[in-house]
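Student: I would like to learn how to read a model of this kind, feature by feature. Could you give me the general idea each time, and then the case at hand?

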Amino acid sequence: MNKAELVDILAKETGSLKKDAEQLVNALMNTVISRVAAGEKVTLVGFGTFEARHRKARTGRYPKTNEP
């Protein structure tokens, strides 16, 4: 499912306009993104937990030559 499909389903389920459902999805996503970026952990019970994690840097490789 992509964002447009989610908006369509929410609009149908709630009986609202697509633009209103899209605003709601955008507000939710922006809120979660901004809170995680600020270092907070966001838990939506029954859906998932979002948090930033730091990982070691990796060396990328060019596939044709296998050079870093």
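**Reading accessibility, fold and pocket**

Tutor: Glycine 48, with a relative accessibility of 23%, counts as partly exposed, where buried means under 20% relative accessible area, exposed over 50%, and partly exposed in between (1.4 Å probe, protein chains only). This is a predicted model, in which local features need pLDDT of at least 70 and side-chain atom pairs count only at pLDDT 80 or more, while totals for chains, interfaces and linings use all residues. Residues are numbered from 1 along each chain as its sequence is written, and side-chain values use heavy atoms, with hydrogens and water left out.

Student: Where is glycine 48 found, and which residues does glycine 48 touch, not counting those up to four places away in sequence?

Tutor: Glycine 48 belongs to strand 2, residues 48-50, where helices (H or I, at least four residues) and strands (E, at least two) are DSSP runs numbered from the N terminus. With residues up to four places away in sequence set aside, glycine 48 touches Val42 and Thr43, a contact being heavy atoms within 4.5 Å.

Student: Is glycine 46 buried or exposed, and where is glycine 46 found?

Tutor: Glycine 46 is exposed, at 86% relative accessibility, and sits in the loop between strand 1 (42-44) and strand 2. From C-alpha to C-alpha, glycine 46 and alanine 57 are 32 Å apart in space, although eleven residues separate them in sequence. Leucine 17, in the loop between helix 1 and helix 2, is exposed as well, with a relative accessible area of 53%; its C-alpha atom is separated by 9.4 Å from that of valine 7, ten residues apart along the chain.

Student: What pattern does the protein follow along the sequence, and what radius of gyration does the protein have?

Tutor: The protein has two helices and two strands, in the pattern α-α-β-β. Its radius of gyration, taken over C-alpha atoms, is 18 Å, whereas a compact globule of 68 residues would have one near 11 Å, by the rule of 2.2 Å times the number of residues to the power 0.38. The C-alpha trace spans about 55 × 30 × 20 Å along its principal axes, and 10% of the 68 residues count as buried. Of the contacts between residues at least 6 apart in sequence, 3% join residues at least 24 apart.

Student: How should I read the pocket, and what is the volume of the largest pocket?

Tutor: Rolling a probe the size of a water molecule over the atoms shows where empty space is left. Here the largest pocket has a volume of about 240 Å³, a pocket being an open set of points on a 1 Å grid over the protein atoms alone, where a 1.4 Å probe fits, with protein on both sides within 12 Å along at least five of seven lines, and lining residues having an atom within 4 Å of a point. Its lining includes Leu6, Leu24, Met29, Leu44 and Phe50, and the elements giving two or more residues to that lining are helix 1 (3-14) and helix 2 (18-37). Helix 2 provides the largest share, six residues.

Student: What does phi tell me about asparagine 66?

Tutor: Most residues other than glycine have a negative phi. Asparagine 66 has a positive phi, near 65 degrees; asparagine 66 lies in the segment after strand 2 and is exposed, with a relative accessible area of 52%.

Definitions and conventions
Grid points are joined across faces, edges and corners, and a volume is the space filled by probe spheres set on the points.
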